[in-house]
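Visitor: I have this model open and would like to go through it piece by piece. Can we start with the strands and work outwards?

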Amino acid sequence: MLRVVIVDDEPLAIRAMRRLLAAHGDVAILGEADNLSGAVQLISAEKPDAVFLDIDLGSSDGFQLIARLDQAPHVVFVTAHAQYAVDAFAAAAVDYLLKPVIPERLAEAIARLRRNRPPPAAGGESGGAHDILELRTPNRTVLASPAEIAALCAEGDFTRVVLADQPSLLIWRTLSHFESVLPAPPFVRLSRSLILNRDRLRSFETPSRNRSRVTLDGVGEPLVLGRAATSRLRDVVSGGTERL
């Protein structure tokens, strides 16, 4: 069963989408929301597989909703505005439907959602959720294990994922999202803008009490940390020297 929610500020549009989805017996609608705060509450409570999301939500927009979610479901944008398609796919949207939605295009979007669902774990359990992360950019998708991630740095609504022996990736997800899905330890949050993989920490220098330089296994350039992150790093190292 594909579990979905609908987010749109137009009641008629919500009813139309409900009617179209009713033709798909394996789609369960968990609820609807017509504003940003209601959508955040609904998605956080129900944890759907996907959201059919309008871009224009009156005083806010669908992109703001994605940025507010620590762990966003798959997104199918449903909008009357064609000009946001590039931005939508940059936000890792599964599909982009123009209103009025025709049944054939909706069927294609649902098929894509089914293909993007993770396979069930052995025995019907979901215990392997942290084994592989899907890191999606507008141009490609990288599948990485947590061990391959050396650090994560917040850049506005985006997170730069620093991978070992690979180019870094800029992902439209908040740092809090990654904090919620990565195992701790070895991942530790050193500041509002940085998460570090302690297992990849090789050395660090503190030329001053307000700054440090960190060398990570598989990363060419050292990371420069500010005062708060340096203080937290000292606590991490003093409590886990055996891992260095």
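**Strands, core and loops**

Guide: Strand 3 and strand 4 run parallel and are joined by four bridges. Bear in mind that this is a predicted model.

Visitor: Which residue is the bridge partner of V51 in strand 4?

Guide: V75 is the partner of V51 there. Between strand 3 and strand 4 the chain passes through helix 3, residues 62-68. This β-α-β crossover is right-handed.

Visitor: What joins strand 1 to strand 3, and do they run parallel or antiparallel?

Guide: Four bridges join strand 1, residues 2-7, to strand 3, and the two run parallel. Within that pairing, V4 is opposite A50.

Visitor: Which way do the residues of strand 3 point?

Guide: A50 and F52 point one way, V51 and L53 the other way. All four are buried, on a strand that covers residues 50-53.

Visitor: What is L53 in contact with, leaving aside its neighbours within four places in sequence?

Guide: L53 is in contact with V7, G62, L65, I66, V75, V76, F77 and V78.

Visitor: On to the core. How many residues does the largest nonpolar core have?

Guide: The largest nonpolar core has 25 residues. V7, V51, L53, L65, I66 and F77 have the most contacts inside it. At least two residues each come from strand 1, helix 2, strand 3, helix 3 and strand 4.

Visitor: Which element gives the largest share?

Guide: Helix 2 does, with five residues. As a general point, nonpolar side chains in soluble globular proteins tend to be buried together.

Visitor: Which residues of helix 2 are buried?

Guide: L36, A39, V40, L42 and I43 are the buried residues of helix 2, which spans residues 36-46. They pack against strand 1, strand 2, strand 3 and helix 3.

Visitor: What happens just after helix 2?

Guide: K47 takes a positive phi of about 50° there, although K47 is not a glycine. K47 sits in the loop between helix 2 and strand 3.

Visitor: Is K47 buried or exposed?

Guide: K47 counts as exposed, because its relative accessibility is 60% and the cut-off for exposed is over 50%.

Visitor: Changing topic: how many aromatic pairs does a search of the whole structure find?

Guide: The search finds four aromatic pairs. One of them is F77 with Y96, at 6.5 Å centre to centre and 55° between the planes.

Visitor: Why does that pair count as tilted?

Guide: The angle between the planes is 55°. Stacked needs under 30 degrees and edge-to-face needs over 60, so the F77 and Y96 pair falls in the remaining class, tilted.

Visitor: Where in the chain are F77 and Y96?

Guide: F77 is in strand 4, residues 74-79, and Y96 is in strand 5, residues 95-98. The pair links distant parts of the chain, 19 residues apart.

Visitor: Are F77 and Y96 buried or exposed?

Guide: F77 is buried, at 0% relative accessible area. Y96 also counts as buried, at 9% relative accessibility.

Visitor: Which residues form the aromatic cluster?

Guide: F63, F77, Y96, F158 and W172 form one aromatic cluster.

Visitor: What is the order of the five-stranded open sheet?

Guide: The order is 10-9-8-12-11, with antiparallel pairing. Strand 10, residues 169-171, and strand 11, residues 187-191, are the edge strands, and each pairs on one side only. The twist averages 20° from one strand to the next.

Visitor: How many bridges join strand 8 to strand 12?

Guide: Three bridges join strand 8, residues 149-155, to strand 12, residues 194-197. Among the paired residues, L152 has I195 as its bridge partner in strand 12.

Visitor: Last topic, cis peptide bonds. Where is the one with omega about -10°?

Guide: That cis bond joins K99 and P100. P100 is in the loop between strand 5 and helix 5, residues 103-116.

Visitor: And which peptide bond is cis with omega near 15°?

Guide: The bond from P185 to P186 is. P186 is found in the loop between helix 6, residues 175-181, and strand 11.

Methods. Residues numbered from 1 in each chain as written. Predicted model: local features only at pLDDT ≥ 70, side-chain atom pairs only at ≥ 80, totals over all residues. Heavy atoms only, no water. Phe/Tyr/Trp six-rings, centres within 6.5 Å; stacked < 30°, edge-to-face > 60°. Buried < 20%, exposed > 50% of the residue type's maximum accessible area, 1.4 Å probe, protein only. Pairing = 2+ DSSP bridges. Right-handed = clockwise from strand over helix to strand, strands pointing away. Contact = heavy atoms within 4.5 Å. Core = buried A, V, L, I, M, F, W, Y, C linked by side-chain atoms within 4.5 Å. Axes fitted to C-alpha atoms, helices over the stretch in contact; angles between N-to-C directions.
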